Amino acid sequence: MGPVVAISSSMNCPECGAVLADNSASCKQCGAQLAQKQPRFNATDMPVLPQEDEAAPGEEITRTPDWGFALDREFDRLYGQFKKEEKSKQEQEKVREIRWGGFVRRACAFFIDLVVLSLLSVLLFFSSYVAYQVGLAAYDRTVLDDPMPLLRMALWGYLLLAAAYFVLFHGLDGRTIGKWLLGLRVVDRNQEPITYSQALVRLIGYLLSAFFGLGFLWILFNRRKRGWHDLLARTWVIRESSFQDKGK
């Protein structure tokens, strides 16, 4: 806001040029009547106000504080502080809302996965048995003559099936069938679905956790319910509601 300048209103006598007040009816020096000879106001006659921080000679500048600018600046500062505190509060609430998958729920989900794998293994073994029996029939032999090749093939088939089951399901959506039924999901540090490489490392970590079952029992003592395979793959198991809240 610029300075306020006090401007006096005056006029000159058209006869003698004496300085008179704007509302004068006659000149005090020459006595000329000014009612009919008063010049009309013209926009060009309006005095030019001095620029900011500049004053014409003999004129007094009155400065007024710019309260509007100060209030706007204070409002912006308070609003920015409020948004920062609100964001921090929301982040803390999100952390509190995370519910980790507990030992019992995860054990039940793993048992369901074993049942599913067993059913798939039975179908795989039956298909392999039929194909193996047909192949031996061409040589007038039966499976009972030498069952070891079929058993070795069934064992390797089960291991490959289990590996593909856990890696594909965890890498695809973070959930196996058991975890899906019990509302669990495997996520990374940002609560995002894990990659296939993390799922593979996590599968290898099962072998480490299976050592006397200590890696699985570690879930009971860990604050975030993480087993040794979770620590190795940098994964977390959370309840499905926590993942949905983050998505919103």
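Where is the place of Arg226? In this predicted model, Arg226 sits in the loop that runs between helix H6 (214-221) and helix H7 (228-233). The description below begins with the protein as a whole and then returns to this loop and its surroundings.

The protein contains eight helices and six strands. Read from the N terminus, its elements follow the order β-β-β-β-α-α-α-α-β-α-α-α-β-α. Of the 248 residues in the protein, 24% are buried. The accessible surface amounts to about 17,900 Å², and carbon and sulfur atoms account for 62% of this area. When contacts between residues at least 6 apart in sequence are considered, 58% of them join residues at least 24 apart.

Five salt bridges are present in the structure. One of them pairs Asp230 with Arg106, with 2.8 Å between the closest N and O atoms. This pair connects distant parts of the chain, since Asp230 belongs to helix H7 and Arg106 to helix H2 (residues 103-137), 124 residues apart. Asp230 has a relative accessible area of 0% and is therefore buried. Arg106 is also buried, because its relative accessible area is 10%, and the cut-off for a buried residue is under 20%.

Asp230 forms a salt bridge with Arg202 as well, and here the closest N and O atoms are 2.9 Å apart. Arg202 counts as buried because its relative accessibility is 1%.

Another salt bridge is formed by Glu240 and Arg185, whose closest N and O atoms are 2.8 Å apart. Glu240 is in helix H8 (residues 240-247) and Arg185 in strand E5 (residues 184-187); the two residues are 55 residues apart and link distant parts of the chain. Both Glu240 and Arg185 are buried. These two residues also belong to a network of salt bridges that links Asp173, Arg175, Arg185 and Glu240.

Arg226 presents another case. Arg226 is buried but has no salt bridge. The nearest side chain of opposite charge is that of Asp230, at a distance of 5.7 Å. The side chain of Arg226 does, however, reach the backbone oxygen of Asp230, at 3.1 Å. Leaving aside residues up to four places away in sequence, Arg226 touches Arg106, Trp218, Ile219, Leu231, Arg234, Thr235 and Trp236. Among these neighbours is Arg106, a salt-bridge partner of Asp230.

Trp218 and Leu231, which are also touched by Arg226, take part in a nonpolar patch on the surface. The patch is formed by Phe211, Phe212, Leu214, Leu217, Trp218, Leu220, Phe221 and Leu231, and together these residues have about 870 Å² of accessible area. Helix H6 makes the greatest contribution to the patch, with five residues. Leu217 is located in helix H6. With a relative accessibility of 37%, Leu217 counts as partly exposed, because this class covers values between the buried limit of 20% and the exposed limit of 50%.

Technical notes
Residues are numbered from 1 along each chain as its sequence is written. This is a predicted model: local features need pLDDT of at least 70, side-chain atom pairs count only at pLDDT 80 or more; totals for chains, interfaces and linings use all residues. Side-chain values use heavy atoms; hydrogens and water are left out. Helices (H or I, at least four residues) and strands (E, at least two) are DSSP runs, numbered from the N terminus. Buried means under 20% relative accessible area, exposed over 50%, partly exposed in between (1.4 Å probe, protein chains only). Lys and Arg count as positive and Asp and Glu as negative; His and the chain ends are not counted. A salt bridge is a side-chain nitrogen of Lys or Arg within 4 Å of a carboxyl oxygen of Asp or Glu. A polar contact is a pair of N or O atoms within 3.5 Å; within protein, one must be able to donate a hydrogen and the other to accept it, and residues adjacent in sequence count only if both atoms are side-chain atoms. Contact means heavy atoms within 4.5 Å. Patches are made of residues with over 30% relative accessible area and no salt bridge: like charges are joined within 9 Å, nonpolar side chains (Val, Leu, Ile, Met, Phe, Trp, Tyr) within 5 Å. Accessible areas come from the Shrake-Rupley method with a 1.4 Å probe; for residues, only the protein chains shown count as cover.
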